[in-house]
Amino acid sequence: MSDSLAWRWIIPLTFIIALALTVVPLPDWAAPWRPEWLAMTLIYWSMALPRHFGVGVGWGLGLLLDVAKGAVLGQHALGFAIIAYLSMRLHQRVRVFPLWQQAITVGLLLAVYLLPVLWVHGMTGQAPGTWLFWAPLVSSMILWPWLFVLLRDVRRRWCLALS
């Protein structure tokens with residue numbers, strides 16, 4: 001298979017792996033700290049290839065996550081569409097940041113994503129009673145530099161045709 005066609009399967013594969021990491025069962029003590037794998041992957045691809053991944057992809061991935069988690073249809077889709085839009089708008093600034101500043105920016109984007117999710121939880125009477133709702137922000141910010149380096153290497157190896 002030529003490298004120019006590899007992006008047609010490698011990027012969806014990264015989203016599939018991120019979705020699997022998002023829904024795989026974890027022990028009770030670790031579940032609140034699960035990083036937002038799918039959201040971070042969307043942020044990366046929206047910043048790396050903003051002409052190819054944006055609000056529509058974010059909306060579709062969010063709907064897929066809603067179905068996978070059995071959530072209210074549209075709650076993750078709204079949050080993903082918002083962070084995809086913001087990632088596209090900020091991509092030229094954020095890509096030149098050092099990794100620690102990128103991690104902070106990703107944390108802020110994830111907070112923007114989690115706010116509509118929290119709002120829907122509150123509207124449906126499922127509001128979290130603890131600060132652990134925000135724990136994925138911390139774990140995601142910690143893991144961002146490694147995910148960024150991994151996905152950047154994947155992009156450089158397989159997706160040169162899109163750059």
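How do the residues of the lining of the largest pocket divide into nonpolar, polar and charged? The lining comprises 12 nonpolar, 6 polar and 3 charged residues, where Ala, Val, Leu, Ile, Met, Phe, Trp, Tyr, Cys and Pro count as nonpolar, Asp, Glu, Lys and Arg as charged, and the others, Gly among them, as polar.

## Basis of the model

This is a predicted model, in which local features need pLDDT of at least 70, side-chain atom pairs count only at pLDDT 80 or more, and totals for chains, interfaces and linings use all residues. Residues are numbered from 1 along each chain as its sequence is written, and side-chain values use heavy atoms, with hydrogens and water left out.

## The largest pocket

Of its 21 lining residues, E36, K69, H121, F133 and P136 are the closest to its centre; a lining residue has an atom within 4 Å of a point. The volume is the space filled by probe spheres set on the points, which are joined across faces, edges and corners.

Helices α4 (75–94) and α5 (99–123) each supply at least two lining residues, helices being DSSP runs (H or I, at least four residues) numbered from the N terminus. The largest share, 4 residues, comes from α5.

## The second largest pocket

The second largest pocket has a volume of about 180 Å³. Its lining includes I10, W37 and L147, and divides into 10 nonpolar, 2 polar and no charged residues.

At least two lining residues come from each of α1 (3–23), α2 (37–48) and α6 (135–158). Helix α1 provides the largest share, 6 residues.

Terms used. 1 Å grid on protein atoms, 1.4 Å probe; cavity = no way out; pocket = protein on both sides within 12 Å on 5 of 7 lines; lining within 4 Å.
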